[in-house]
Amino acid sequence: LGAARVKSTQGASHTNLKMLIDINEVCLELNYENGSTFSYLTVNNLHSDIQIYPTTIEVSASLGNLQIGNSNIPKDHPYHWVCRPRVNTSKSSSSKWSPERGTSLLTSHAMEQAGSSLLVVAYCTHDPADPSYGGYESSFSAHMSELDIVFLYCWLDEFLTYYPPLLAPQPQSSQSPTQTAAAGAAEPAPVGSSTALATSTGTPSPADSRPAPMKMDIYLDAPVVLIPGDSNDVHNAIHLDLGVVELFTRHVSSKNRTWKGSTLELEPPLLEVMDITITGVKLIMITDGVTGQNLIDDVADIYVAYSRTFYDPRQLCSMLPAMDLTITINRLN
């Protein structure tokens, strides 16, 4: 763990705080009450770089390896590893790049790490006073390599019952609604808080109510899931390859739309659009140890477009549906 502090009051090129975190290995074991191990998780080569500037923050992180083992199955068994990185992969995306995506936050060094790391992520905030400000208060990029996942219902069911206190519903308060309302009324909001300002003015200020838009650009080599009949059957299974998934979000102003009865004195509504592209899905049956042909013989890219109202100060989007979802599959055999 290393950190360096530099005195600075202005300028994005000056670093107020830089923190580097490197963890070689972390192992987490889930044990039974008798001391035997039910399952374990191993994380290798965790790297994080945090830089704080006077007006912005940049965070990048990479995860070299992630493995989850089932201790109830011998280590040399094909189904011992519930989850681990795939060694040989030849996936490649065929989706088209669009100018709206811009440049990814992942630098060339980070993309080199993506080839040897399981997961690489980057997050940063943007200064509205910067000349290159693109309208987003923050950006998030991620690249994830391919995983091999073995789906065993018996392991999943036992895992879900391992934490009953966390999965159990929270008990409700024994106070009656009248007592709860009286207790809330007896504690006035602190002076200067957003609650006090909203109470005194009637409505919150537009700056407080306006959400902060975040741009996301995510590339996933989706996992390959093996679904056997049971943990003892190594000759019959379903092989499901989810291909490559790319997700990109953008925020579109609807200022070019003609709104009935609107004078457009305030800023127009802002719509959040999420584009998802799925490429290379495969479904293969393994029978008596023989790998069959791909049941999805010919499939084109699958496009999913989802949009919703992100910011609407004048409630103009009541003329539009709350959400708009479009799924396009040009060809599927």
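Trainee: Which residues is L66 in contact with, leaving aside its neighbours within four places in sequence?

Mentor: In this predicted model, L66 is in contact with L41, T42, V43, C83, R84, P85 and L118, once those sequence neighbours are set aside.

Trainee: How should I read a nonpolar core, and which residues have the most contacts inside the largest one?

Mentor: Start with the general idea: in soluble globular proteins, nonpolar side chains tend to be buried together. Here the largest nonpolar core has 16 residues, and L66 is listed with L63, I68, Y79, L118, L152 and W155 as having the most contacts inside it. Strand 3, strand 4 (57–70), strand 5 and strand 8 (147–150) each supply at least two residues of this core. Its largest share, three residues, comes from strand 4. Another core, of seven residues, lies apart from it and includes A142, L247, I302 and V304.

Trainee: W155 is in that list. Is its ring pair with F38 stacked or edge-to-face?

Mentor: Planes under 30 degrees apart count as stacked. The F38 and W155 planes are at 20°, with ring centres 6.3 Å apart, so this pair is stacked. F38 sits in strand 3 (residues 37–52) and W155 in helix 2 (residues 153–160), so the pair ties together parts 117 residues apart in sequence. Both F38 and W155 are buried.

Trainee: What about Y40 and W81: how far apart are their ring centres?

Mentor: They are 6.0 Å centre to centre, and with 75° between the planes the pair is edge-to-face. Y40 belongs to strand 3 and W81 to strand 5 (residues 81–85), 41 residues apart. Y40 is buried at a relative accessible area of 14%, and W81 is buried at 13%.

Key. Residues numbered from 1 in each chain as written. Predicted model: local features only at pLDDT ≥ 70, side-chain atom pairs only at ≥ 80, totals over all residues. Heavy atoms only, no water. Phe/Tyr/Trp six-rings, centres within 6.5 Å; stacked < 30°, edge-to-face > 60°. Helix = DSSP H or I, 4+ residues; strand = E, 2+ residues; numbered from the N terminus. Buried < 20%, exposed > 50% of the residue type's maximum accessible area, 1.4 Å probe, protein only. Core = buried A, V, L, I, M, F, W, Y, C linked by side-chain atoms within 4.5 Å. Contact = heavy atoms within 4.5 Å.
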